[in-house]
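Have a look at the sequence and the fold, then try each task before reading its solution.

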Amino acid sequence: MKIFEEYTLGGKTLKNRVVMAPMTRNRADASGVLPDYAAEYYRQRAGAGLIISEATQPSAGGKGYKGTPGMHTNDQQSVWSRIADRVHEDGGLMYCQLMHTGRIGHTSFFPKEWSLLAPSAIPAQMNVSDAEGNDVPAEVPVAASRKQIQEIIDDFASAAQRAVAAGLDGVEVHGANGYLLHQFLSYGTNLRTDEYGGSAAGRAKFVVDLVTEMACRIGPEKIGLRLSPGGQFNDMQKLDDDETYLHLVKELRPIGISYLHVLRRRSTPLHVKLHEGWGTGFIMNTGYMGPSELTELNALVESDEADLISVGRNFISNPDLVARWKSGIPLSPWNEDTFYVGEEKGLIDYPAATSK
Ligand SMILES: Cc1cc2nc3c(=O)[nH]c(=O)nc-3n(C[C@H](O)[C@H](O)[C@H](O)COP(=O)(O)O)c2cc1C
């Protein structure tokens with residue numbers, strides 16, 4: 001099956017085309033430091049062609065959930081280093097997903113000098129989680145000044161440098177699911193009239209500037225980007241336009257980053273156009289409502305709809321997912337109750353069914 005064949009991304013050879021999708025597991029402490037057992041969690045899943053880590057804040061001000069890890073202090077970086085070592089020892093490759101939650105965050109997460117930043121002062125019409133874990137109405141964010149935009153770009157680039165220094169193979173920029181970058185891309189959340197809004201090129205500019213700066217610091221071949229055009233999660237209400245995404249891909253392609261990772265809840269002509277505009281290094285996540293069976297996912301690779309497929313929840317409950325698929329061993333079901341709580345439970349206690 002083509003899905004089990006090698007693939008080269010950013011100069012590194014992935015042993016198969018099954019990518020572990022980024023999944024927040026909320027086990028970090030209040031300082032954003034992951035527990036040591038997180039290294040065992042990721043090591044167990046090193047059979048994936050590539051592991052993409054749980055979403056990780058590039059700065060204190062990017063945090064929007066209790067228990068998410070950071071990539072902006074030495075203590076945080078030390079654990080990432082141990083994680084990278086364990087994954088590499090077992091023959092895996094790993095990128096760290098960097099996420100700034102923008103208006104989906106809450107001021108209770110960060111010290112007073114940080115503001116809740118977004119492209120425009122438009123609150124999400126939903127409840128968010130505060131630092132105590134309570135459900136509270138989303139706050140009105142502050143429209144980021146140009147200086148603050150530059151600071152966020154610098155934070156992402158510095159976090160990318162830390163990730164590489166920790167020994168990780170690269171970083172995935174989280175431009176999906178209604179968080180800060182997606183908020184810049186969408187016309188419903190970006191009402192700016194400066195160069196970071198107002199047109200398709202303006203809405204795409206923040207992501208382009210951010211990726212460009214990161215590429216200067218760590219090299220384009222160590223950067224991936226996740227997008228979810230048309231996704232409604234986090235009150236985005238499908239407020240995306242094809243023009244912005246096509247413009248974004250046109251601007252990014254020459255930079256030479258390693259991949260584009262697209263969430264495709266349903267197939268739309270835009271996904272096909274994005275793939276055409278992008279070329280090779282196209283990861284697809286069929287997410288929740290799409291196919292999750294091996295034969296269906298392999299068909300997407302065989303038909304060149306995607307070069308690689310990312311899989312989320314099946315990797316939670318099947319650490320040796322690829323080996324099971326290869327041997328035809330039935331998959332274990334996941335338990336949603338321990339997605340975000342339970343410390344080691346639900347994280348490292350799903351047994352492997354194969355010896356590899
Ligand atoms: C527990 C959980 C946490 C998630 N956290 C993230 C995240 O941190 N970043 C992200 O981009 N997507 C996140 N997602 C979405 C997954 O990457 C993936 O798109 C989704 O699970 C659908 O794929 P699946 O049907 O194979 O599970 C999360 C999903 C789950 C179930």
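Two residues are in contact when they have heavy atoms within 4.5 Å of each other. Keep in mind that the model is predicted.

**Exercise 1.** Find which residues touch the most other members of the largest nonpolar core, and list the contacts of Phe206.

Solution. Start with the core, which has 83 residues; Ile83, Phe206 and Met214 touch the most other members. Next, see where the core comes from: helix H5 (residues 200-218) gives the largest share, 9 residues. Now take Phe206 and set aside residues up to four places away in sequence: Phe206 touches Ile149, Ile152, Ile153, Leu180, Leu181, Phe184 and Tyr196. Finally, look for another core lying apart from this one; that core has 11 residues, including Leu14, Ile52, Tyr95 and Tyr259.

**Exercise 2.** Work out how the buried residues of helix H7 are arranged.

Solution. First pick out the buried residues of H7 (residues 269-278): Leu270, His271, Leu274, His275 and Trp278. Viewed down the helix axis, these buried residues fall within an arc of 140°, so they line one face of H7. Then turn to the other side, where Pro269 and Glu276 are exposed. As for partners, the buried residues pack against helix H6 (242-252), strand E12 (259-263) and strand E13 (282-285). Just past the end of H7, Gly279 has a positive phi of about 90°.

**Exercise 3.** Decide whether Gln44 is buried or exposed.

Solution. Locate Gln44 in helix H1 (residues 37-44). Its relative accessible area is 18%, and buried means under 20%, so Gln44 is buried. Beyond its neighbours within four places in sequence, Gln44 is in contact with Pro319, Leu347 and Ile348.

Methods:
Residues are numbered from 1 along each chain as its sequence is written. This is a predicted model: local features need pLDDT of at least 70, side-chain atom pairs count only at pLDDT 80 or more; totals for chains, interfaces and linings use all residues. Side-chain values use heavy atoms; hydrogens and water are left out. Buried means under 20% relative accessible area, exposed over 50%, partly exposed in between (1.4 Å probe, protein chains only). Helices (H or I, at least four residues) and strands (E, at least two) are DSSP runs, numbered from the N terminus. The arc is that of the directions from the helix axis to the C-beta atoms. A nonpolar core is a set of buried Ala, Val, Leu, Ile, Met, Phe, Trp, Tyr and Cys residues joined through side-chain atoms within 4.5 Å.
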